[in-house]
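Here is a short briefing on one structure. Please keep the sequence and the 3D view at hand while reading.

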Amino acid sequence: QVQLVESGGGLVQPGGSLRLSCAASESIFSLYAMGWYRQVPGKQRELVAIFTSGSRTNYADSVKGRFTISRDNAKNTVYLQMNSLKPEDTAVYYCNAVKVLGSYSRDYWGQGTQVTVSS
């Protein structure tokens, strides 16, 4: 069981910045993928940014050039630096980790942290 603890959400004005953190209960190296999704009411959860096997990163087109995913392996923590925030970035942000267990994989989710971009 991988536990994920998120922090860093809040209220910010358009154009502002926030940094989200997600600490995993085990080594990042034991995970196939780790990153961030977001969800607004009435819509499906969508990928924001993620590390996958081999340290590759993948970003949603809507956040490219504004958001940066990074990690601290020693702290088992992944970060999401969000700059030039827009009202449409308002959502609950969820940390996600994928672990391969033999012949199948399992997703783990954090509790979610609210990000609100508003003047």
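Leaving aside neighbours within four places in sequence, Leu80 is in contact with Leu18, Arg19, Leu20, Trp36, Val48, Ala49, Phe67, Thr68, Ile69 and Tyr93. The model is predicted.

**Nonpolar core**
- The largest nonpolar core has 30 residues.
- Leu4, Met34, Trp36, Leu80, Met82 and Tyr93 touch the most other members of this core.
- Strands E3 (18-24), E4 (33-39), E5 (46-52), E7 (67-72), E8 (77-82), E9 (91-101) and E11 (113-117) each give two or more residues to the core.
- In soluble globular proteins, nonpolar side chains tend to be buried together.
- Two of the core residues with the most contacts to other members, Trp36 and Tyr93, are also among the contacts of Leu80.

**Disulfide**
- The structure holds one disulfide.
- The disulfide runs from Cys22 to Cys95, with an S to S distance of 2.0 Å.
- Cys22 sits in strand E3 and Cys95 in strand E9, so the link ties together parts that are 73 residues apart in sequence.
- The angle about the S-S bond is -85°, and the link is left-handed.
- Both cysteines, Cys22 and Cys95, are buried.

**Arg38**
- Arg38 is in strand E4.
- Arg38 counts as buried because its relative accessibility is 7%, under the 20% cut-off.
- The side chain of Arg38 makes a polar contact of 2.9 Å with the side chain of Tyr93.
- A second polar contact, of 3.3 Å, joins the side chains of Arg38 and Ser62.
- Beyond four places in sequence, the contacts of Arg38 include Gln44, Arg45, Glu46, Val48, Phe67, Glu88 and Asp89.

**Salt bridges**
- Five salt bridges are found in the whole structure.
- Side chains of opposite charge can pair when their charged atoms come close.
- Glu26 and Lys99 meet through their side chains at 2.7 Å, N to O.
- This pair links distant parts of the chain: Glu26 is in the loop between E3 and E4, Lys99 is in strand E9, and they are 73 residues apart.
- Glu26 is buried at 18% relative accessibility, and Lys99 is buried with a relative accessible area of 18%.
- Asp61 and Lys64 form a salt bridge of 3.1 Å, N to O.
- Asp61 is exposed because its relative accessible area is 63%, over the 50% cut-off.
- Arg66 pairs with Asp89, and their closest N and O atoms are 2.7 Å apart.
- Arg66 lies in the loop between strand E6 (56-59) and E7, and Asp89 in the loop between E8 and E9, so this bridge ties together parts 23 residues apart in sequence.
- Arg66 is buried at 11% relative accessible area, and Asp89 is buried at 1% relative accessibility.
- Salt bridges that share partners join Arg38, Glu46, Arg66 and Asp89 into one network.

**Positive phi values**
- Asn76, a residue other than glycine, has a positive phi near 55°.
- Asn76 is in the loop between E7 and E8, and counts as buried at 19% relative accessibility.
- Ser84, also a residue other than glycine, has a positive phi near 50°.
- Ser84 is in the loop between E8 and E9, and counts as partly exposed at 41% relative accessibility.

How values were computed:
Residues numbered from 1 in each chain as written. Predicted model: local features only at pLDDT ≥ 70, side-chain atom pairs only at ≥ 80, totals over all residues. Heavy atoms only, no water. Core = buried A, V, L, I, M, F, W, Y, C linked by side-chain atoms within 4.5 Å. Buried < 20%, exposed > 50% of the residue type's maximum accessible area, 1.4 Å probe, protein only. Helix = DSSP H or I, 4+ residues; strand = E, 2+ residues; numbered from the N terminus. Contact = heavy atoms within 4.5 Å. Polar contact = N/O pair within 3.5 Å; in protein donor to acceptor, adjacent residues only side chain to side chain. Disulfide = S-S within 2.5 Å. Salt bridge = Lys/Arg side-chain N within 4 Å of Asp/Glu carboxyl O.
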